[in-house]
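Here is a short note to read alongside the model. Please keep the structure open while you go through the points.

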Amino acid sequence: MTAEELSFPIYPTLKVCGFSFVLFLLLGTSLAFWFARSRHSIVKAVEFLVTLPLVFPPIALGYLLLLVLGTQSPLGGFFSDVFGIKLIFSQTGIVLAAFIAGLPLFIRPVQSALKSVNLKEIEDTARLCGTPPLKYFFFITLPIIRNSIAAGLLLGLARASGEVGITMMLGGNISDRTNTLSLEIFNSVSRGDFETATFLCLLLVGFACFIYVALYLVQSKEVI
């Protein structure tokens, strides 16, 4: 595989990780806070859906999402007709697949940190002192749970970068467009190009080692 051919699966993978990082940080943190603090009955239902990628076969989940997000579905048709955005067989599709796959791994540590008794006591003290909710969330809550957020981001990105089943369904595994590193390994093995498959695996091994070391450093720090 030439450097030019190698850049095609690497670029979508980096793009997926970048967008997933932002989505985890913004939407994932909001969901984790909602799950940890809300007692509304709908929370359990949404939490079940978010956790589904951990307990449901990825290829089957990808097929269900294909039905829900396809251009012939109400939701997929709405995005296509109104915003001109195709949610499947596009780079948007592989970003969605990576985000959905990694979201439960991001939410778990953040949700656990937000349920900490010590954290709630500190927040209650800030509330009694008259600190506005938005202010103590950004200047007290987030700094305290920053290590849990970092751990969640690392776990979520690790899962997002290695996703295959959901990505294949939503992205379509289109050469030079939606074939991420993991899908390109599958493609290389399918056509008997084991040298390329091995090289791409080594790239993912390097990324996995980086994630492991970073996660170890994060978890070694004291967290409330």
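1. Start with the second largest pocket. It holds about 160 Å³ of space. A pocket is an open set of points on a 1 Å grid over the protein atoms alone, with protein on both sides within 12 Å along at least five of seven lines; lining residues have an atom within 4 Å of a point. Grid points are joined across faces, edges and corners, and a volume is the space filled by probe spheres set on the points.

2. A word on the source. This is a predicted model, in which local features need pLDDT of at least 70, side-chain atom pairs count only at pLDDT 80 or more, and totals for chains, interfaces and linings use all residues. Residues are numbered from 1 along each chain as its sequence is written, and side-chain values use heavy atoms, with hydrogens and water left out.

3. Back to that pocket. Its lining consists of Leu65, Leu69, Leu75, Phe79, Leu87, Leu96 and Ile100. By class this gives seven nonpolar, no polar and no charged residues. Ala, Val, Leu, Ile, Met, Phe, Trp, Tyr, Cys and Pro count as nonpolar; Asp, Glu, Lys and Arg as charged; the others, Gly among them, as polar. Helix 3, helix 4 (74-83) and helix 5 each contribute at least two residues. Helices are DSSP runs (H or I, at least four residues), numbered from the N terminus.

4. The largest pocket contains about 470 Å³ of space. Two or more lining residues come from each of helix 1 (3-37), helix 2 (42-55), helix 3 (58-69) and helix 5 (91-114). Its lining has 21 residues, and Leu65, Leu96, Phe99, Ile100 and Leu103 lie nearest the centre. Helix 5 provides the largest share, seven residues. The classes are 18 nonpolar, two polar and one charged.

5. Now look at helix 5 itself. It has 24 residues and reaches 33 Å from its first C-alpha to its last, close to the 34 Å expected at 1.5 Å a residue. That expected span is 1.5 Å times one less than the number of residues. There is a kink of about 40 degrees at Gly102, shortly before the proline Pro104. The bend at a residue is the angle between axes fitted to the seven residues ending there and the seven starting there.

6. How many cavities of 30 Å³ or more does a search of the whole structure find? It finds two. A cavity is a set of points where a 1.4 Å probe fits but cannot get out.

7. The largest cavity has a volume of about 40 Å³. Thr13, Val16, Ile94, Ala98, Ala160, Ser161, Glu163, Thr167 and Thr180 line it. Four of these residues are nonpolar, four polar and one charged. Helix 1, helix 5 and helix 8 (146-161) each supply at least two.

8. The second largest cavity has a volume of about 30 Å³. Its lining is Glu47, Val50, Thr51, Pro104, Ile107, Arg108 and Gln111. Helix 5 gives the most, with four residues.

9. Finally, helix 7 (residues 133-144). Its buried residues are Tyr136, Phe137, Thr141 and Ile144. They are on the same side of helix 7 because they cover an arc of only 105 degrees around the axis. The arc is that of the directions from the helix axis to the C-beta atoms. The face turned away from the buried side carries the exposed residues Leu134 and Phe139. Buried means under 20% relative accessible area and exposed over 50%, with partly exposed in between (1.4 Å probe, protein chains only).
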